[in-house]
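Please look at the sequence and structure first, then read the notes below.

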Number of protein chains: 2
Amino acid sequence: MKNISHGELKNASVSQLKEICEQCRKEIFETVSRVGGHLSSNLGTVELTVALHRIFDFPKDKLVFDVGHQCYTHKLLSGRADRFSTLRQKGGISGFPKREESEFDAYDTGHAGTAVSAALGIAKARDIKGENFHVIALVGDGSFNNGLIFEAFNSVKILNSPVLILLNDNGMSISPTVGGTHGVLDAAADGKSEPVKLFEQFGLDYMGEINGNDLNELLPALEQAKERLKHGCVLMHVHTKKGQGYPFCENAPAETHGVCPGCANKSEYCTALGEELTALAARDGRIVAVTAAMTDSLGLRPFFNAYPERAFDVGICEEHASVLCASMATEGLKPYYAIYSTFLQRAFDEIIHDVCGQNLPVTFCIDRAGITGKDGETHQGVFDLSYLSFIPNLVVAIPKDIGEFRAMLRMSVDCPSPLAIRYPREGTDSDCKSVEIGKFEVLHSTLSNIVLIAAGERCITLARKVLKRANGEGIDATLINARFLKPLDSELLNGLNANYIITLEDNAAIGGLGDAIDRFYLNSGKTIRNFGLKEAFIPHGEVCSLAEEYGLNTEQILSCMREFHARG
Amino acid sequence: MKNISHGELKNASVSQLKEICEQCRKEIFETVSRVGGHLSSNLGTVELTVALHRIFDFPKDKLVFDVGHQCYTHKLLSGRADRFSTLRQKGGISGFPKREESEFDAYDTGHAGTAVSAALGIAKARDIKGENFHVIALVGDGSFNNGLIFEAFNSVKILNSPVLILLNDNGMSISPTVGGTHGVLDAAADGKSEPVKLFEQFGLDYMGEINGNDLNELLPALEQAKERLKHGCVLMHVHTKKGQGYPFCENAPAETHGVCPGCANKSEYCTALGEELTALAARDGRIVAVTAAMTDSLGLRPFFNAYPERAFDVGICEEHASVLCASMATEGLKPYYAIYSTFLQRAFDEIIHDVCGQNLPVTFCIDRAGITGKDGETHQGVFDLSYLSFIPNLVVAIPKDIGEFRAMLRMSVDCPSPLAIRYPREGTDSDCKSVEIGKFEVLHSTLSNIVLIAAGERCITLARKVLKRANGEGIDATLINARFLKPLDSELLNGLNANYIITLEDNAAIGGLGDAIDRFYLNSGKTIRNFGLKEAFIPHGEVCSLAEEYGLNTEQILSCMREFHARG
């Protein structure tokens with residue numbers, strides 16, 4: 001698709017604008033079908049974004065997305081249509097708003113609930129500096145469950161700087177939106193006065209409900225919103241259809257939320273989670289499962305179907321989910337909280353304050369750990385080992401494959417303390433009878449003076465690959481599967497006679513396994529080299545090439561082995 | 001005060017209950033005046049707690065506090081009156097609810113906003129197990145701003161397990177409660193139907209407003225609430241007067257929220273923050289200050305008075321405050337976010353995702369870092385160096401005294417990256433001209449083969465104390481002030497010829513300065529000993545004795561120096 005000029009958009013007739021919408025929709029569908037990305041949410045917001053670009057003046061005016069799953073049309077309309085085919089590929093344009101990528105992207109996002117706070121901050125800065133422009137937050141209804149949004153609402157009157165909040169209500173997070181908040185939104189849409197008055201209490205002038213797929217409704221509504229912004233913050237409730245224009249997507253909005261061509265044939269850890277936990281729950285009535293709006297992506301649909309009375313999707317409320325688990329555990333239940341690594345950051349305080357502070361047997365099933373690839377900076381799961389490593393009472397487990405993950409889940413049932421199991425999306429199956437807390441596994445035992453200590457499937461695989469090449473050069477090494485970051489296997493580590501240690505982890509090099517091994521062998525005289533991810537926010541790209549580039553480099557590890565071998 | 005038996009409370013007449021209230025109030029006032037603690041919030045909730053104990057059956061029924069600043073009467077009424085004089089002292093009873101302390105304490109708290117989630121989790125577990133008891137969450141209106149509360153509200157209909165939520169509305173957090181949420185509560189109290197209908201949308205049956213200092217209103221209202229619980233969740237809005245019964249406290253509820261006898265004469269870092277930031281703001285119109293309901297405790301009142309248009313107390317909304325700072329920085333402002341170390345854990349994701357991910361020059365002024373003493377487990381600021389150590393782009397500074405803190409604040413104005421400065425409550429003044437990012441300071445230079453590397457005032461003081469004793473034994477050491485955890489002073493560290501390194505930090509031993517120095521000197525052949533806080537949740541007590549007990553032990557450090565000296 002060609003770039004559309006500012007003038008072209010500003011001068012187009014409504015029917016020409018509709019034509020532009022169809023171009024965008026086609027471009028999004030074709031590109032995402034080919035390279036993957038967020039499909040149905042972007043298809044739903046084409047008209048809304050075209051209307052925003054017609055009525056407002058970006059980049060002078062600022063558009064802040066929440067999460068950013070709806071930013072593709074904005075990218076197409078802001079000089080990036082000619083590069084849109086590079087979406088989410090290394091060096092190409094990001095699937096999320098990125099200030100570094102374009103001055104049209106006002107604020108970087110990826111996690112839910114930040115847009116209203118960010119819009120208010122930008123508007124406040126505008127007013128302090130005495131400038132004059134509009135600030136718009138575009139927020140999906142799924143994010144409206146998130147506590148951060150309400151914290152921002154609480155601030156509207158305190159900050160007193162007008163912003164336009166566009167609630168894009170498609171009735172879905174990734175899964176259908178759940179909870180009482182959506183009831184309030186529905187009541188508002190039905191023209192009931194209570195929610196409207198409520199929004200007024202927060203200092204929000206409510207407009208709604210607008211058909212967000214109809215330019216004839218949208219354009220005058222946005223003009224009106226612009227007028228009403230002169231008097232304060234405006235909340236405009238827009239209804240859109242997720243997947244609009246493509247019946248297949250309209251009918252399966254959850255399944256077409258994120259599209260990943262070629263992913264279907266690989267084994268996934270989440271499938272094992274669903275199977276194993278459902279089987280365990282059949283025998284153990286204490287087991288409950290909690291997710292924050294991602295039941296399907298986490299593989300828990302079978303559990304939710306089998307045990308609806310013990311399964312809770314609480315919406316995009318990562319903190320609440322954590323406290324819920326802690327409190328259910330105080331009453332003797334055995335909660336499993338499944339969540340992506342990057343989103344668990346939101347519950348960091350609750351892991352400490354509620355779960356580990358009370359030493360409660362909650363199990364965190366941390367999916368998408370390590371480099372995750374195409375979603376980029378905000379979705380890499382590369383800090384979890386660092387932020388879990390120092391929390392008292394917590395056991396941290398890292399399976400080397402899906403079979404071991406299953407064994408860890410079986411083990412978790414009797415684990416008396418909080419437990420975190422972190423794993424990537426894809427992996428390989430295996431047979432694994434059992435694992436014991438704090439016990440490593442020797443995968444390849446030699447008399448070599450070199451030991452590779454690796455954590456997680458990606459690093460074990462990498463270690464094996466390096467080892468194979470080293471073997472070809474007559475260099476051997478012991479290979480250890482570091483199944484637990486915490487507690488370490490001190491018996492095994494104390495028994496190692498080798499002088500050279502190499503650690504591998506798919507996590508920030510600071511604060512994870514490498515540091516733990518360094519600390520363990522402090523003053524031991526052993527020579528240690530740690531391979532982890534360098535201190536950077538890792539952009540989008542292919543998992544393997546990013547890993548190679550950001551610190552888990554095959555040649556560097558091999559050359560380290562050669563050096564150690566030469567030194568004897 | 002003597003313990004009051006269950007029977008005594010259940011059989012008392014209302015006038016006898018009033019007498020019990022007066023006993024409790026007197027005991028609280030006298031004990032807190034003597035040993036310190038939370039005064040005015042506890043004075044305000046005496047009648048409410050007595051009424052709860054009369055109407056409900058604890059510990060069969062479960063009472064969950066939010067924060068826990070209102071739990072003293074509950075402790076007096078649950079078999080701990082005879083030990084109440086040991087409040088907040090080492091080995092004595094905690095100032096917060098503690099499950100380990102009593103079966104009457106259903107859930108541990110300290111941070112804001114957890115009570116509704118926790119009550120719902122306990123109630124859900126009750127229903128899953130087929131048990132029968134009541135669950136009550138007692139929440140102050142300040143916590144009602146917190147996003148976590150709204151996440152819990154969103155779940156009420158999802159979980160469908162009745163709890164009684166008691167909103168204790170005294171119009172105050174620690175400072176007066178701010179923001180739109182309180183407007184909604186006020187409207188509900190005024191009998192307006194909109195908020196009531198709104199609460200109904202969330203599945204909450206609203207009752208209010210009840211005078212929470214009047215047993216004649218409270219007792220029948222709680223009886224009624226108990227009935228209404230049969231049909232679902234009840235939100236009972238209770239008005240209480242903070243400081244009730246003691247005119248001095250009633251008139252100065254913020255000043256008498258936390259009482260700390262003997263603290264008045266010591267210099268505090270927060271005073272320097274207020275002075276320095278106000279002075280800097282006079283010259284620099286970009287500077288703004290943000291707090292989360294703790295303007296006074298953080299020393300920022302002078303700034304708020306001088307620059308109200310650039311000063312924002314957003315209520316107990318730590319996440320929102322962080323995003324607000326990030327977004328203001330995108331527009332060229334220079335935000336300072338002042339917060340206690342333990343509460344910044346709430347904004348962990350936003351530090352990564354919003355501030356450091358966009359490399360924005362926000363300054364975090366992290367007060368109450370290290371062991372904080374009498375508030376115990378939930379208030380120790382002992383994880384910040386660990387959870388900040390691995391975040392890309394972030395500079396982490398640790399002043400050794402108040403003068404250096406002032407210099408860091410002056411330096412911060414031109415710091416182009418995110419910056420965290422962490423400091424304890426109390427300290428000593430000094431003259432310090434300037435500090436340079438990433439540069440340590442040599443405080444005592446010797447030819448000794450031993451180097452002490454210490455971070456922060458408490459550890460520099462401890463190092464000096466140990467050094468003095470060592471000097472008396474003919475042992476000397478170089479003393480280095482590690483002003484920055486990140487970046488380290490690699491030039492200085494590379495230049496150190498000494499073979500023995502001792503690190504000292506008032507932070508968890510995992511993930512902080514010790515690990516950073518170990519990593520720096522990996523394979524260097526130097527012998528290193530790290531002193532930090534051991535892996536545990538540190539209970540309440542005196543700061544110095546807790547530090548000695550939990551890892552910063554004078555004798556152990558001295559004996560390490562002796563050992564290093566003997567080895568040459």
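**Charges over rings**

The charged end of A:K534 is placed over the ring of A:Y550, at 5.3 Å from its centre. The model described here is predicted. Over all chains, a search of the whole structure gives 42 aromatic pairs.

**A stacked pair between chains**

- The rings of A:F150 and B:F150 are stacked, because their centres are 4.2 Å apart and their planes are at 5 degrees, under the 30 degrees that stacking requires.
- This pair joins two chains, because A:F150 belongs to helix α7 (residues 147–159) of chain A and B:F150 to helix α7 (residues 147–159) of chain B.
- A:F150 counts as buried at 7% relative accessibility, and B:F150 counts as buried at 8%.

**An edge-to-face pair in chain B**

- B:F348 and B:Y387 make an edge-to-face aromatic pair, with 5.9 Å from centre to centre and 90 degrees between the planes.
- B:F348 lies in helix α16 (residues 348–356) of chain B and B:Y387 in helix α17 (residues 384–388) of chain B, so the pair ties together parts 39 residues apart in sequence.
- B:F348 is buried, with 0% relative accessibility, and B:Y387 is buried with a relative accessible area of 0%.

**A cluster of rings**

- Ring pairs link A:F348, A:F383, A:Y387, A:F390 and A:F537 with B:F348, B:F383, B:Y387, B:F390 and B:F537 into a cluster.

**Another charge over a ring**

- A:R310 lies over the face of A:Y307, and its distance from the ring centre is 4.5 Å.

Conventions:
Residues numbered from 1 in each chain as written. Chains lettered and ligands numbered in written order. Predicted model: local features only at pLDDT ≥ 70, side-chain atom pairs only at ≥ 80, totals over all residues. Heavy atoms only, no water. Phe/Tyr/Trp six-rings, centres within 6.5 Å; stacked < 30°, edge-to-face > 60°. Helix = DSSP H or I, 4+ residues; strand = E, 2+ residues; numbered from the N terminus. Buried < 20%, exposed > 50% of the residue type's maximum accessible area, 1.4 Å probe, protein only. Lys NZ or Arg CZ within 6 Å of the ring centre and 35° of its normal.
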